[in-house]
Amino acid sequence: MINMGKAKSPVRIKKILIANRGEIAVRIMRTCREMGIETVAVYSDADRSSLHVRYATEAYHIGPSASSESYLRIDKILDVARISGADAIHPGYGFLSENAQFAIKCREAGVKFIGPSAESIEAMGDKISARKRMIAAGVPVVPGTTEKIVDEEEAVRIIRGIGLPVMIKASAGGGGKGMRLVRQEADIKSSIRSAKSEARTAFGDDSLYIEKYIESPHHIEFQVLADQFGDAVHLFERECSVQRRHQKVIEETPSPIMTPEVREKMGACAVAATKAANYEGAGTIEFIVDDNLNFYFLEMNTRLQVEHPITERVVGVDLVREQIRVAEGFPLPFKQKDLKMNGHSMECRIYAEDTDNNFMPNPGKITHITEPMGLGVRCDGYIHEGYTIPIYYDPMISKLIIWGRTREEVIERMRRALFEYKISGVKTSIKYLVKIMETPDFRNGTYNTHFIEKNEEFLNSKIKCDKHCEDIAMIAAFVEHAGRLQKSKLVIPHERTLGVKGWKHRGRRAGMQRL
Ligand code: MV4
């Protein structure tokens, strides 16, 4: 599909305002620096000493810590764009990234919003309208309705036609909000009522639609990129089924269940979906996939996603760079046939939370941090020693992205990197992630969206994982060392060269062995 109306000659962007914070703000600025583009940071009270403020060419305070008074304030952000002379705004993920009103106000202010048009955001943000468009484009959607529920009795009749179980979903929802699973006919009306009131409260829009419930699905998404000329490509899939309460925990590419044939079909559908959305920039087409590899469009995310680095690593493309190039008006620099997957990549999201205490957020001051390094390791973060993780924002503090030639190599490298990762001062999810690496269903690649609940007992048990091994080995080595000091005449000569701190060395070495 060629859209000649939009075609124009490229205009280079010289300065980008990043309307975000944390690791993603820093990640975007890194690419800007490589491209010779100046960066403008905005920050709240809580972020005065945050890395994104120090990394940027210039930084502007936009208000109190609560995001509703800072990172969500369209007026203040556009004031900064004007004052700083930024010619574009990158919204990152979360905050204003999928806010059509923000895209409109940027356009009115003469600032390029790095992302799709307000019309595309709106069309995909409304799930009923997105379903209609996908059906028209020949993309398979979950069997269900394409008009909002107006009458409860009628809904009961429709559901009899579809067959139970079904999901009742809010058209303005996504990511699990305003969603009800209905297994029994007797529950239909009450589920509609509660979903409706939840949707009205959460989104100010109580439109609902119905989908057949897909039991035990995989969540597989395709990365897409589209230029202003109507050209679009996909950058293969990401397997995102490891989720806890609709929060992704681990993502990987390729998906352990994918076949070349299904990948080609799903990729073609992802590109068709992107074109049907008149899309521009980087986006994600989410599918649910059943055990027989039947796939259905679920929703489109009209932003850069948290897990984009695994795609970058396997496909060899800087997605932020391509977002900026497309926003400048350049055509895509590659065709679909130029894109290949190389090896395997996996991301662990590191949260400041207490995994032993119902995953309660655990913000606070970082007293020590050592990040993993070495072959195949990328660590996208923003925290440092002495930094206080604010209570106001998402508790994700970093992303550990691993590459290897095979999935097995990646899992062992991930365990090694998690072992190297030391954060003191706040509780983190690192130990829990090690447990996932040691769970048979995960190691075998035989998991779906029920992985966490299915393996809850193992994941929450305190049986020894490497992290515990290390602690125990350290204590053992110290006790032994204290004993040695008392009878120091008996110290074996070669161990003496390790000095007084020798116990630490021995403890670490022992910690590396599996008990
Ligand atoms: C579904 C589904 C089964 N059938 N829709 C959850 C979040 C939202 N994006 C859609 N979700 C689901 N929609 C139908 N028709 C199962 C889920 C679902 C899920 C999807 C992806 C990842 C994790 C999930 C966990 C529970 C339910």
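User: What caps the N-terminal end of H11?

Analyst: Aspartate 318 does. One of its side-chain oxygens sits 3.0 Å from the backbone nitrogen of valine 320. That is a polar contact: a pair of N or O atoms within 3.5 Å, where within protein one must be able to donate a hydrogen and the other to accept it, and residues adjacent in sequence count only if both atoms are side-chain atoms. Helices (H or I, at least four residues) and strands (E, at least two) are DSSP runs, numbered from the N terminus.

User: Which kind of model is this, and how are residues numbered?

Analyst: The model is predicted: local features need pLDDT of at least 70, side-chain atom pairs count only at pLDDT 80 or more, and totals for chains, interfaces and linings use all residues. Residues are numbered from 1 along each chain as its sequence is written, and side-chain values use heavy atoms, leaving out hydrogens and water.

User: Back to H11. How many of its residues are buried?

Analyst: Eight of the ten in 319-328. Buried means under 20% relative accessible area, exposed over 50%, partly exposed in between (1.4 Å probe, protein chains only). Among the buried ones are Leu319, Ile324 and Val326, and also Glu322 and Glu328.

User: What comes just after H11?

Analyst: Glycine 329, with a positive phi of about 100°.

User: Which polar atoms face the ligand's nitrogens?

Analyst: A polar side-chain atom of lysine 169 is 2.8 Å from a ligand nitrogen. For glutamate 211, a side-chain N or O atom is 2.9 Å from a ligand nitrogen. Lysine 212 uses a polar backbone atom, at 2.7 Å from a ligand nitrogen.

User: How much of the ligand does the protein bury?

Analyst: 91% of the 530 Å² that the ligand exposes when taken alone. Areas come from the Shrake-Rupley method with a 1.4 Å probe; for residues, only the protein chains shown count as cover.
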